Amino acid sequence: YPLCALAVSDERPVSRRVHGGVALICGVIGFLCGMGAITHAVAFIYPAWQSIKAVKTKQKEQDTFWLAYWVLYGGINMVESILPLASFIPMYEWIKSLFFVWLWNSNTKGAEKVYPLVIEPICDVLLAYEKQAVDVYSKS
């Protein structure tokens with residue numbers, strides 16, 4: 001039977017099979033649960049696994065990268081819970097998924113680029129307020 005022979009002699013690289021399997025799983029999840037579920041899976045599963053691996057190593061750079069990613073992840077989800085962006089921007093979930101992949105991808109390392117531009121200035125302001133508050137309450 002030609003189809004059985006084709007299935008048995010499939011010589012595609014393993015990475016293609018893995019990518020195909022991931023695409024199939026994402027398609028099923030997207031069909032059953034919607035694009036929001038795919039976005040959450042893309043933004044959480046791989047970064048969580050890489051964070052667990054980074055914690056087990058002694059390399060500080062990986063820990064710093066994944067901490068920056070998780071701060072951005074939390075900030076995006078917080079802003080999104082306050083502002084209903086998904087209802088105003090066409091294909092918002094697709095854009096958000098691609099943005100999360102850009103943030104954590106080892107080739108782009110977007111989290112290293114966005115964190116200093118967005119989070120550090122906010123942190124500088126908050127740290128100044130925190131210092132003022134500590135100074136005020138420590139004098140009492």
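User: What does H6 look like, and which residues of H6 are buried?
Analyst: One caveat first: this is a predicted model. The buried residues of H6 are Gly110, Ala111, Val114 and Ile119. They pack against helix H4 (60-82) and helix H5 (92-104).

User: How many residues does H6 have, and how far does it reach?
Analyst: H6 covers residues 110-139, which is 30 residues. From first C-alpha to last it reaches 42 Å, close to the 44 Å expected at 1.5 Å a residue.

User: Where does H6 bend?
Analyst: At proline 116, by about 40°.

User: Back up a bit. How many helices and strands are there in the protein?
Analyst: Six helices and zero strands. From the N terminus on, the order is α-α-α-α-α-α.

User: What share of the residues is buried?
Analyst: Of the 140 residues, 19% count as buried.

User: And what about contacts between residues 24 or more positions apart?
Analyst: Take the contacts with a separation of 6 or more. Residues 24 or more positions apart account for 53% of them.

User: On to H4. Which of its residues are buried?
Analyst: Phe65, Trp66, Ala68, Tyr69, Leu72, Tyr73 and Glu80. Their cover includes H3, H5 and H6.

User: What is the reach of H4 from its first C-alpha to its last?
Analyst: 33 Å over 23 residues, close to the 33 Å expected at 1.5 Å a residue.

User: Now the aromatics. How many aromatic pairs does the structure hold?
Analyst: Twelve. One of them joins tyrosine 46 and tryptophan 66. That pair is edge-to-face, with 6.4 Å centre to centre and 70° between the planes.

User: Which helices do tyrosine 46 and tryptophan 66 lie in?
Analyst: Tyrosine 46 is in helix H3 (residues 35-55) and tryptophan 66 is in helix H4, so the pair ties together parts 20 residues apart in sequence.

User: Give me another pair. What geometry do tyrosine 73 and phenylalanine 100 have?
Analyst: Tilted, with 5.6 Å centre to centre and 55° between the planes. This pair links distant parts of the chain: tyrosine 73 is in helix H4, phenylalanine 100 is in helix H5, and they are 27 residues apart. Both residues are buried.

User: Which residues form the aromatic cluster?
Analyst: Phe44, Tyr46, Phe65, Trp66, Tyr69, Trp70, Tyr73, Phe99, Phe100, Trp102 and Trp104 form one cluster.

User: What lies over the face of phenylalanine 65?
Analyst: Lysine 109, at 5.2 Å from the ring centre.

User: What is threonine 39 in contact with?
Analyst: Leaving aside neighbours within four places in sequence, threonine 39 contacts Glu93, Lys96, Ser97 and Phe100. Phenylalanine 100 is the partner of tyrosine 73 in the tilted pair.

User: And serine 51?
Analyst: Serine 51 is also in helix H3. Its relative accessible area is 13%, and it is buried. Leaving aside neighbours within four places in sequence, serine 51 contacts Trp66 and Trp70. Both tryptophans belong to the aromatic cluster.

User: Where does glycine 34 sit?
Analyst: In the loop between helix H2 (14-33) and H3. Glycine 34 is partly exposed, with a relative accessible area of 23%.

User: How far is glycine 34 from glutamate 93?
Analyst: They are 59 residues apart in sequence and 9.6 Å apart in space, C-alpha to C-alpha. Glutamate 93 is also one of the contacts of threonine 39.

Terms used:
Residues are numbered from 1 along each chain as its sequence is written. This is a predicted model: local features need pLDDT of at least 70, side-chain atom pairs count only at pLDDT 80 or more; totals for chains, interfaces and linings use all residues. Side-chain values use heavy atoms; hydrogens and water are left out. Helices (H or I, at least four residues) and strands (E, at least two) are DSSP runs, numbered from the N terminus. The expected span of a helix is 1.5 Å times one less than its number of residues. The bend at a residue is the angle between axes fitted to the seven residues ending there and the seven starting there. Buried means under 20% relative accessible area, exposed over 50%, partly exposed in between (1.4 Å probe, protein chains only). Contact means heavy atoms within 4.5 Å. Rings of Phe, Tyr and Trp (its six-membered ring) pair if their centres lie within 6.5 Å; planes under 30 degrees apart count as stacked, over 60 as edge-to-face and the rest as tilted. A charge sits over a ring if NZ of Lys or CZ of Arg is within 6 Å of the ring centre and within 35 degrees of the ring normal.
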